[in-house]
Amino acid sequence: MAYIEIIHEEAASPELKDDYEFISGSYSKMVGVKVPTPQVYRPSSLIPAYFNFGAVQNRVLTNDGSHNRPMGPLPSILVNFAVSLHSSCFY
Amino acid sequence: MIYPKADVARAVGEDPQTAPIPELHKAMFRFAELFVNRSWQASPESLDVMRVEGVSDRDLADWLQIACIQTWFTHSADAGGIPMDRDAVSGPVMFRERSFYHAQPAPELASTTNASVTATLGWLHAPCTGVQYETAARWAQNHYGFVPNLFKSVSACPDFYPRHQLALELLDGPQSKSLPAALHALVRATVIALDHSSYFEPSAESLLHREVEGVMNLDILRKDPSEHIRDQQSLVVLRFVHKMVKNAYKITGDDAQSFREAGLSDETYIDVFNTVAIQQSFDRLANCIGVAADTKPLLARNNA
């Protein structure tokens, strides 16, 4: 259970709802099936500016949800995983 | 999938250096450990070992900024108490099983810093050209009155400027009414102090001078907060900051509850952990690129 109050998409303001829809759409495109916004974005939902920041980060990582950023000598998601691994991040 | 075989994936989760994966992958995992745990010990040689594997400076700029962003995600998950989630994307994308996640004790933070940062822009090729760079530079000129070395140093891969601009705006001050500006400044400065961020340290000193009454400096902020903080709310917040910077994976619901017991709201908690996450993401990035401090503090002009 999350440590703090979360505003989920059903109760989101229009501003928050737009970001929820973008993030969900971005991940849905990546995995090929409809998925909701991942949990990791939600802790900041009480402050829309930070939730939007999470959405902006997804935009730059995915070229605005297109998932067509040029790939270098190794998959960029491996960088994400390596940072998480060494952060002992359970998520 | 990157490691489609479950035994390889498990080996990577246990120890990437002994797993049957390419040397380039191992080098990247070593660099990630440096980035997360001791970025102030990075040196030009830390990047050279990647260049030897054929990695371009454009790719290095790309990966370092991805790692910078990932800092926010890991902190968001740890501070938010997000449970292991079958819907999480990383597992299905990369591995068949989720058992690779594990917790290792974080190494004690070493106080030694690498003295090899010279008075240069940074350790990456920085072309400082192109539409994306020019747009970011105009924003910075308007916001700070100059273009920070941090922006110039990542210009080999300019895709991330929109994120950095928004992040720096969010760091300008608290985003919740319940977090006082002085305490927000203490949060930022504490992160910078604990990260030994030579790039941000001058800015932190100026920020403290502007926002905090009394004697306060980065050496003091590196110490246990109970040694120098008397206000209960500030004590709770700065203890949390220390924990988040050093061992974010040890955060529990008790930490969020400690905020409430001190009369602080969930909004304050969110404002604090995001400030720590964003500041630390930049500290790690600047440390690992060896960015020289700007000649002026990196403080927004309209906050001066």
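**Where the chains meet**

Modeller: Let's start with the contact, which takes 45 residues from chain A and 62 residues from chain B. Keep in mind that this is a predicted model.

Biologist: Okay! Which elements of chain A give two or more residues to the side that touches chain B?
Modeller: Those are α1, α2 and α3 of chain A, with α3 covering residues 76-86. The largest share comes from α3(A), which gives 10 residues.

Biologist: And how many residues on that side of chain A are nonpolar, polar or charged?
Modeller: The side of chain A that touches chain B has 32 nonpolar, 10 polar and 3 charged residues.

Biologist: Let's look at chain A by itself. How many helices and strands does chain A have?
Modeller: Chain A has 3 helices and 0 strands. Along the sequence, that reads α-α-α.

Biologist: What box do the C-alpha atoms of chain A fill?
Modeller: Roughly 40 × 30 × 25 Å, taken along the principal axes. Of the 91 residues in chain A, 43% are buried. And if you take contacts in chain A between residues at least 6 apart in sequence, 57% of them join residues at least 24 apart.

Biologist: How do α1 and α2 of chain A pack?
Modeller: Helix α1 (residues 14-31) and helix α2 (residues 48-62) of chain A pack at an angle of about 30 degrees, and their axes are 10 Å apart. Angles under 35 degrees count as roughly parallel, so α1(A) is roughly parallel to α2(A). Their crossing is left-handed.

Biologist: Which residues meet there?
Modeller: From α1(A), they include Leu16(A), Phe22(A) and Ile23(A), and from α2(A), they include Phe51(A), Ala55(A) and Thr62(A). The residues of this contact divide into 6 nonpolar, 4 polar and 2 charged.

Biologist: Switching to chain B now. How do α9 and α12 pack?
Modeller: Helix α9 (residues 181-194) and helix α12 (residues 232-247) of chain B pack at an angle of about 30 degrees, with axes 10 Å apart. That angle makes α9(B) roughly parallel to α12(B). The crossing of α9(B) and α12(B) is right-handed, whereas that of α1(A) and α2(A) is left-handed.

Biologist: What kinds of residues make up the contact of α9(B) with α12(B)?
Modeller: They divide into 9 nonpolar, 3 polar and 1 charged. Among them are Leu186(B), Val187(B) and Val191(B) in α9(B), which are part of the group that meets residues such as Leu238(B) and Val241(B) in α12(B).

Biologist: What does Val241(B) touch, leaving aside its neighbours within four places in sequence?
Modeller: Val241(B) is in contact with Val187(B), Thr190(B), Val191(B), Val272(B) and Val276(B). In the largest nonpolar core, which has 104 residues, Val241(B) and Ala32(B) are the ones with the most contacts inside it. In soluble globular proteins, nonpolar side chains tend to be buried together.

Biologist: Last one: is Ala136(B) buried or exposed?
Modeller: Ala136(B) counts as buried because there are 23 C-beta neighbours inside 10 Å, and 20 or more is the cut-off. Ala136(B) sits in helix α6 (residues 131-144) of chain B.

Biologist: Which residues does Ala136(B) touch, not counting those up to four places away in sequence?
Modeller: Phe151(B), Pro158(B), Tyr161(B) and Gln165(B). Pro158(B) is 22 residues from Ala136(B) along the chain, and their C-alpha atoms are separated by 8.8 Å.

How values were computed
Residues are numbered from 1 along each chain as its sequence is written. Chains are lettered from A and ligands numbered from 1 in the order in which they are written. This is a predicted model: local features need pLDDT of at least 70, side-chain atom pairs count only at pLDDT 80 or more; totals for chains, interfaces and linings use all residues. Helices (H or I, at least four residues) and strands (E, at least two) are DSSP runs, numbered from the N terminus. A residue is buried if 20 or more other C-beta atoms lie within 10 Å of its own, exposed if 12 or fewer, and partly exposed in between; C-beta atoms are placed from the backbone. Two residues are in contact if their C-beta atoms, placed from the backbone, lie within 7 Å. Axes are lines fitted to C-alpha atoms, for helices over the stretch in contact, and angles run from 0 to 180 degrees between N-to-C directions. Angles under 35 degrees count as roughly parallel, over 145 as roughly antiparallel, 65 to 115 as roughly perpendicular and the rest as oblique. A crossing is left-handed if the near helix is turned anticlockwise from the far one by less than a right angle, and right-handed if clockwise. Ala, Val, Leu, Ile, Met, Phe, Trp, Tyr, Cys and Pro count as nonpolar, Asp, Glu, Lys and Arg as charged, and the others, Gly among them, as polar. A nonpolar core is a set of buried Ala, Val, Leu, Ile, Met, Phe, Trp, Tyr and Cys residues joined through C-beta atoms within 7 Å.
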